Amino acid sequence: MTYKFVYGLILFCSLAVQAQQKKTFTNPLLSSGADPWCIYKNGFYYYTNSTGHNITLWKTGSIADLKTAEKKVVFTPPPTGPYSKELWAPEIHFLQGKWYIYFAADSGRNINHRLWVLENSSADPLKGEWIVKGKFTTPGDKWSIDGSVFEYKKQLYTIWSGWEGDANGEQDIYIAKMKNPWTVEGARAKLSTPSLPWEIHGDLNNADDVPHVNVNEGPEVLVHGNKLFLIYSASGCWTDFYALGMLTANAGADLMNPASWTKSPEPVFKQAPENGVYAPGHNSFFKSPDGKEDYILYHANSKPGQGCGGFRSPRAQKFTWDMDGSPNFGVPVKEGEVLNVPSGN
């Protein structure tokens, strides 16, 4: 047996193993990373999650390769100022020929949390320059986090989690129209208030804070068939009861009218202790490269009581659609369960 033959055999086996590995993936996608978000464009996934201190983007041809993907810190905030601390829930969108990143930040005091927007005109968001386009001011300029945007019937909308007034105690889901990718216009409308039993787990047990907070946050919109679905996270992320709820509106309805939206009475995605998955939430959605499959991307804890810290890790799994057109997210899968990569990779 010659050296060249042996070398060739080893190389062939190595390539075969790599090819087999690329057909599957397991959760979690990264060891940690809360509030995961990704978008698929021009053959690449662009992924981001909360780091708290900067905004980092990952670029990969397969979501299964996130751990080894190219990544870059695209924005580091100034050391002081209104958006210098606690950068949360960044989202990257491609709108009207440019890239935009929306994120929440404050000056070091949570009461000052507001939304901000970055802009980049480069074709590749890991290149070019990200500039601070400005404060993404929501109507009334109240406490605002978890900003997302979507376009429907040629109208841009923003949705977010915010306070009704100036004091903590409850986070509601709001919607408003947008004049352009960096400007909100008109009034806000409240679409959801935490009121159902599974939405109001929120005891803080912190002498330096309010005793309890009811939470609706992390809103994201899915459009499918003749319906729109607003998926949101409910209950405090510091509890194991953090779960996903759903509002539904019919196509053609006035999205600014709260009466157009119907809340599902039960969570549509929740903890699965039998699978070792706790507090799943703050999700986003993406399609497979060939557009034939739908995936939910979310964070979760591996053990009970791990709260809102660095134990949260990003996970992805395919979901389906029920006969009535609504999404069926199933049950959070176990860590290490072998899943097929999105079709068309």
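Which residues does Phe150 touch, not counting residues up to four places away in sequence?

## Phe150 and the nonpolar cores

In this predicted model, Phe150 touches Gln155, Leu156, Tyr157, Ile159, Ile175, Val221, Leu228 and Leu255, where contact means heavy atoms within 4.5 Å. A second, separate core of 18 residues includes Trp37, Ile92, Ala105 and Trp130, a nonpolar core being a set of buried Ala, Val, Leu, Ile, Met, Phe, Trp, Tyr and Cys residues joined through side-chain atoms within 4.5 Å. Phe150 itself belongs to the largest nonpolar core, which has 19 residues, and is among the members that touch the most others, together with Ile175, Leu230, Leu255 and Trp261.

## Aromatic pairs

The structure holds 22 aromatic pairs (ring centres of Phe, Tyr and Trp, the last by its six-membered ring, within 6.5 Å; planes under 30 degrees apart stacked, over 60 edge-to-face, the rest tilted). The rings of Tyr46 and Trp99 are edge-to-face because their planes stand at 65 degrees, with centres 5.3 Å apart. Both Tyr46 and Trp99 are buried (under 20% relative accessible area, with exposed over 50% and partly exposed in between; 1.4 Å probe, protein chains only).

Trp143 and Trp163, by contrast, are stacked, since their planes lie at 10 degrees and their centres 4.7 Å apart. Trp143 is buried at a relative accessible area of 3%, and Trp163 is likewise buried at 3%.

## Basis of the values

Residues are numbered from 1 along each chain as its sequence is written, and side-chain values use heavy atoms, leaving out hydrogens and water. Because the model is predicted, local features need pLDDT of at least 70 and side-chain atom pairs count only at pLDDT 80 or more, while totals for chains, interfaces and linings use all residues.
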